Amino acid sequence: MQVGLGFMGSKALLSAVELDLFTVLAAHPLTAAQIGDRLALHPRGLYDFLDVLLSMKLLERQGDGHQALYQNTPETAAFLDKNSPAYVGGFLEMAGSRLYPFWANLSQGLRTGEPQNEIKHQAGLFEVLYSDEPRLEQFLRAMQGFQMGNFLMLAEKINFTGHRTFCDVGGANGTLASVIARRHPHLSCISFDLPIVAPVARRHIEAMGADARVVVQEGDFFKDPLPEADVVTMGNILHDWDEDQKQVLIRKAYQAVPPGGMFIAIENVIDDARRSNTVGLLVSLNMLIETRGGFDYTGAQFAGWCQAAGFQKIEFIPLTGATSAAIAYK
Ligand SMILES: C[S@@+](CC[C@H](N)C(=O)[O-])C[C@H]1O[C@@H](n2cnc3c(N)ncnc32)[C@H](O)[C@@H]1O
């Protein structure tokens, strides 16, 4: 029952993020009535909504009854207050507005093999997502929220000694290139993505204080060669595409790095037996909803594609949650 009704708890959290509950509570604890006033909520569902979140350990409460004060947990204060530098709610905002309604049609996706999002009757995911500026910005924020912890960990765990240049392919708003440039000042960094993303990336890289050493390069990774660099990364890129397209991108990464260079995919890597990485498998199913051919893959699949492209050695470093750095050395 807990799994079957899991969507209810999930939607309670997604609504809390959408309504800015955790941001409003960041300043100081509030009673339910004060929260209701601040968020313009009807009193009828208010106590159940707050106490559901409390029971899921997403809020704390001092006292009981009408005078009780609700406050953030240490985790919601760090990760779900919009003004926190560690905010990861961008992905949950997108999950609430897009993925939640699209997943209602999962059965139809399973029957037809067709995406169930905006591209159901139209072109490709990025053309459609990016045709609307607020949606483009929301998508880029969502990606940042999903990956920030992984990027910070990657910057610590990879030995960049001996490398001089770094390129993040499909770099979105430039977060990874900025994190790497700030942590490893000897590297010159490129964030490569479609032209429409470039202005958002330039603004964001400047805001992260990394504009002196991160260049935004515009291009299409299927039509143009990738920029040459000692280290090429792709964060959640390969899983957007079908197997042939994945192999094209891996071969292009092989061409872009010199001997001794590295290609790193920062993605869910599903366990080889496909038995235990539930989040990885769910994200792969989300690619059915979101794309025409995308899927997440096992470590053995990644190793096979990279070896076929010519890479010598493959290694996996766990990052946060279900995500790993899958590294191929040339
Ligand atoms: C799922 S997002 C991943 C963003 C980021 N790397 C991360 O790890 O969060 C995919 C990215 O690929 C970019 N992209 C899609 N098609 C592309 C293409 N043909 N050429 C270059 N970038 C592309 C998108 O603009 C988007 O930023």
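Two strands are taken as paired if DSSP finds at least two bridges between them. The structure is a predicted model, in which local features need pLDDT of at least 70, side-chain atom pairs count only at pLDDT 80 or more, and totals for chains, interfaces and linings use all residues. Residues are numbered from 1 along each chain as its sequence is written.

Strands β1 and β2 run antiparallel and are joined by 4 bridges. Strands (E, at least two residues) and helices (H or I, at least four) are DSSP runs, numbered from the N terminus. The extents and partners are as follows.

| β1 | β2 |
|---|---|
| residues 59–62 | residues 69–72 |

The hairpin has 6 residues between its strands, and Gly63 adopts a positive phi near 85 degrees.

Helices α3 (residues 32–39) and α4 (residues 43–55) have axes that come within 10 Å and cross at roughly 115 degrees; axes are lines fitted to C-alpha atoms over the stretch in contact, with angles from 0 to 180 degrees between N-to-C directions. Ala32, Ile35 and Gly36 of α3 meet Pro43, Leu46, Tyr47 and Leu50 of α4, contact requiring C-beta atoms, placed from the backbone, within 7 Å. These residues comprise 6 nonpolar, 1 polar and no charged, with Ala, Ile, Leu, Tyr and Pro among the nonpolar types and Gly counted as polar.

Conventions: Two residues are in contact if their C-beta atoms, placed from the backbone, lie within 7 Å.
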